[in-house]
Amino acid sequence: MSAECSSYLSADKVLVGAFSCPRAGGDARAVYCCGFQDVKYCCDDPHSFFPYEHSYMWWLSVGALVGLSIAAVVLFAFIITVCVLCYLFISTKPRSKLDTGLSLQMAGKTSCYGHTL
């Protein structure tokens, strides 16, 4: 198996000719053409930067976007759950104080020893 890297202009605006992967004297496992539009090289990873038109690893960016999307959905679900639980707690709270069954009215004046004055 081999791949062809097409010619390209380097960052210094120098034309680099096309070459085949793996290169002579290079790693025999590097059968894919990888790199950016201005730097190409042979590698053993089929998920490379090249031939995408942007100079970054698009397949990693898609993975990052999927991961961030999942994290956002989980965070949104957590916030909704907390809001619903708070609403249920507040709405089911009794509106008036509970009757303790004790009367707090004074029946009469008493001294420290329990005698009525």
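Reply: Cys5 and Cys33 form a disulfide, with their sulfur atoms 1.8 Å apart; a disulfide here is a pair of cysteine sulfur atoms within 2.5 Å. The pair links distant parts of the chain, since Cys5 sits in strand 1 (residues 3-5) and Cys33 in strand 5, 28 residues apart. Bear in mind that this is a predicted model: local features need pLDDT of at least 70, side-chain atom pairs count only at pLDDT 80 or more, and totals for chains, interfaces and linings use all residues. Residues are numbered from 1 along each chain as its sequence is written, and side-chain values use heavy atoms, with hydrogens and water left out.

Me: What counts as a strand or helix here?

Reply: Both are DSSP runs numbered from the N terminus: helices are H or I with at least four residues, strands are E with at least two.

Me: Which hand does the link of Cys5 and Cys33 have?

Reply: The link of Cys5 and Cys33 is right-handed, with 130° about the S-S bond.

Me: Are Cys5 and Cys33 buried or exposed?

Reply: Cys5 and Cys33 are both buried. Buried means under 20% relative accessible area, exposed over 50%, and partly exposed in between, with a 1.4 Å probe and protein chains only.

Me: How many disulfides are found in the whole structure?

Reply: The search finds 3 disulfides. One of them joins Cys21 to Cys42, S to S 2.0 Å. The link of Cys21 and Cys42 is left-handed, with -85° about the S-S bond.

Me: What relative accessible area do Cys21 and Cys42 have?

Reply: Cys21 has 1% and is buried. Cys42 is buried too, with 18%.

Me: And what does Cys34 join to?

Reply: A disulfide joins Cys34 to Cys43, S to S 1.5 Å. Cys34 and Cys43 are both buried.

Me: What is the pairing in sequence order?

Reply: With the bonded cysteines of the chain numbered in sequence order, the pairing is 1-3, 2-5, 4-6. Cys83 is in no disulfide, and the nearest cysteine sulfur to it, that of Cys86, is 6.7 Å away. Cys86 is likewise in no disulfide, its nearest cysteine sulfur being that of Cys83.

Me: How accessible are Cys83 and Cys86?

Reply: Cys83 is partly exposed at 47% relative accessible area. Cys86 counts as partly exposed as well, at 41%.

Me: Back to the strands. How do strand 5 and strand 6 run?

Reply: Strand 5 and strand 6 run antiparallel, joined by 4 bridges; two strands pair if DSSP finds at least two bridges between them. A hairpin joins strand 5 to strand 6 through 4 residues.

Me: What stands opposite Cys34?

Reply: Tyr41 in strand 6 stands opposite Cys34.

Me: Now the backbone. Which peptide bond is cis?

Reply: The bond from Cys21 to Pro22 is cis, with omega near 0°. Pro22 lies in the loop between strand 4 (19-21) and strand 5 (32-35).

Me: What about phi of Lys13?

Reply: Phi of Lys13 is near 65°, a positive value in a residue other than glycine. Most residues other than glycine have a negative phi, and most peptide bonds are trans. Lys13 lies in the loop between strand 2 (8-9) and strand 3 (15-16), and is exposed, with a relative accessible area of 66%.

Me: Which residues make the nonpolar surface patch?

Reply: Phe76, Ile80, Val84, Leu85, Tyr87 and Leu88 make a patch of about 640 Å². Patches are made of residues with over 30% relative accessible area and no salt bridge; like charges are joined within 9 Å, and nonpolar side chains (Val, Leu, Ile, Met, Phe, Trp, Tyr) within 5 Å. The accessible areas come from the Shrake-Rupley method with a 1.4 Å probe, and for residues only the protein chains shown count as cover.

Me: Where is Val84?

Reply: Val84 is in helix 1 (residues 58-91). Val84 is partly exposed, with a relative accessible area of 43%.

How values were computed:
Salt bridge = Lys/Arg side-chain N within 4 Å of Asp/Glu carboxyl O.
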